[in-house]
Amino acid sequence: MQLRPNILQQTLETAITFLYPAQCRVCEKQLGLESLPYVCDACWNDIHFIEPSWCEMCGIPNTEGRCDACAITPPPYGKLRTIAYYEAALQQAIHLFKFEKRTSLAKPLAQLTMEHIADDCNIVEYDFILPIPIHKKRLRERGFNQATLLANEIAKTTGIQVVTDALVRYRNTSPQSSLDRDARQTNIIGVFELQQEEVVRNKRILVLDDVYTTGATVREAVKILWNADPIEIDVLTLARALDPE
Ligand SMILES: [Zn+2]
Ligand SMILES: [Zn+2]
């Protein structure tokens with residue numbers, strides 16, 4: 001289920017930006033004719049992308065081959081790739097997008113993803129993108145699933161299908177950001193349910209989420225998806241927290 005973006009909210013947003021020229025949310029410089037709202041070009045161009053080398057499985061940076069954790073316990077997905085670090089301009093942009101409902105940022109964030117995606121993660125080779133679902137209560141409060149909006153923007157350019165109903169989040173949880181690492185892992189167990197096994201069976205799936213912190217959410221979602229016998233599951237996230245605690 002995907003609710004329509006709130007048109008009134010967007011119109012209001014545009015009107016306010018017009019009446020009160022904004023400051024960059026990162027460096028506080030007065031915004032002029034920038035390519036994006038809310039963040040100046042200098043800050044946007046300063047996004048800290050994740051460059052090779054990284055763990056071939058979990059994508060943790062500054063690692064050759066497999067990291068120690070993946071060597072001991074391989075993750076449930078084939079590989080996880082992330083675009084950039086969750087800091088500065090990207091952190092502000094995701095915050096504005098997700099919590100302040102500036103949905104106009106979905107497009108530039110999706111463009112950023114496609115421009116900087118790892119060479120070994122070719123979107124068109126998957127059968128579909130599966131955005132990590134949010135609970136329907138949170139969907140009602142927020143009005144949208146940020147991962148679905150990103151996936152829809154990626155789909156507009158690549159033509160890939162976006163599947164939002166196969167996996168559902170049927171139990172609402174405390175926000176993961178309020179918990180420590182161990183609590184996150186326990187908090188997430190059993191929250192997802194497979195609703196359309198036939199959609200997933202024999203498919204190559206790219207699971208998409210906005211921010212990777214401890215990975216507890218994506219691991220749990222992937223684990224549940226395997227119950228429907230897909231061929232392959234990889235994970236793509238827009239941002240990766242610097243110090244996952
Ligand atoms: Zn700035
Ligand atoms: Zn690893």
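Is Leu-105 buried or exposed, judging by its C-beta neighbours inside 10 Å? Select Leu-105 to begin: with 25 C-beta neighbours inside 10 Å, it counts as buried. A residue is buried if 20 or more other C-beta atoms lie within 10 Å of its own, exposed if 12 or fewer, and partly exposed in between, with C-beta atoms placed from the backbone.

This is a predicted model, in which local features need pLDDT of at least 70 and side-chain atom pairs count only at pLDDT 80 or more, while totals for chains, interfaces and linings use all residues. Residues are numbered from 1 along each chain as its sequence is written, and chains are lettered from A and ligands numbered from 1 in the order in which they are written.

**Stop 1: the loop between helix 4 and helix 5**

Leu-105 sits in the loop between helix 4 and helix 5. Helices (H or I, at least four residues) and strands (E, at least two) are DSSP runs, numbered from the N terminus. Not counting residues up to four places away in sequence, Leu-105 touches Ala-93, Leu-96 and Phe-97; two residues are in contact if their C-beta atoms, placed from the backbone, lie within 7 Å.

Lys-101 lies in the loop between helix 4 and helix 5. It counts as partly exposed, with 18 C-beta neighbours inside 10 Å. Check its backbone: phi is near 60°, a positive value in a residue other than glycine. Most residues other than glycine have a negative phi, and most peptide bonds are trans.

**Stop 2: helix 4 and what covers it**

Select residues 88–98, which form helix 4; its buried residues are Ala-89, Leu-90, Gln-92, Ala-93, Phe-97 and Lys-98. The elements covering these buried residues include helix 2 (41–44), strand 1 (80–85), helix 5, helix 7, strand 6 and strand 7.

Now pick Val-39. Leaving aside neighbours within four places in sequence, Val-39 is in contact with Cys-24, Arg-25, Val-26, Trp-44, Ala-89, Gln-92 and Ala-93. Tyr-38 is buried, with 25 other C-beta atoms within 10 Å, and has a positive phi of about 75° although it is not a glycine.

**Stop 3: the nonpolar core**

Which residues have the most contacts inside the largest nonpolar core? They are Val-39, Leu-109, Leu-150, Val-207 and Leu-208, in a core of 54 residues. A nonpolar core is a set of buried Ala, Val, Leu, Ile, Met, Phe, Trp, Tyr and Cys residues joined through C-beta atoms within 7 Å. Strand 6 (residues 204–212) gives the most to this core, with 6 residues.

**Stop 4: helix 5 against helix 7**

Select residues 106–116 (helix 5) and 146–158 (helix 7): their axes come within 8 Å and cross at roughly 65°. Axes are lines fitted to C-alpha atoms, for helices over the stretch in contact, and angles run from 0 to 180 degrees between N-to-C directions. The contact is made by Ala-106, Lys-107, Leu-109, Ala-110, Thr-113 and Met-114 of helix 5 and by Leu-149, Leu-150, Glu-153, Ile-154 and Thr-157 of helix 7.

**Stop 5: helix 8 and helix 10**

Move to helix 8 (residues 181–188) and helix 10 (residues 216–225), which pack at an angle of about 30° with their axes 9 Å apart. They are therefore roughly parallel to each other, the term for angles under 35 degrees. On the helix 8 side the contact is made by Arg-184, Gln-185 and Ile-188, and on the helix 10 side by Ala-216, Thr-217 and Glu-220.

Helix 10 is largely enclosed by the rest of the structure, because 7 of its 10 residues are buried. Covering the buried residues are elements including strand 4 (167–169), helix 8, strand 5 (192–194), helix 9 (197–200), strand 6 and strand 7 (232–240).

**Stop 6: Val-200**

Val-200 is in helix 9 and counts as buried, with 25 C-beta neighbours inside 10 Å. Leaving aside neighbours within four places in sequence, Val-200 is in contact with Ala-166, Ile-205, Leu-225, Ala-228 and Pro-230. Between Val-200 and Ala-166, 34 residues apart in sequence, the C-alpha to C-alpha distance is 7.2 Å.

**Last stop: a cis peptide bond**

Where is Ser-53? Look in the loop between helix 2 and helix 3 (68–72). The peptide bond from Pro-52 to Ser-53 is cis, with omega near 5°.

Terms used:
Parallel < 35°, antiparallel > 145°, perpendicular 65-115°, else oblique.
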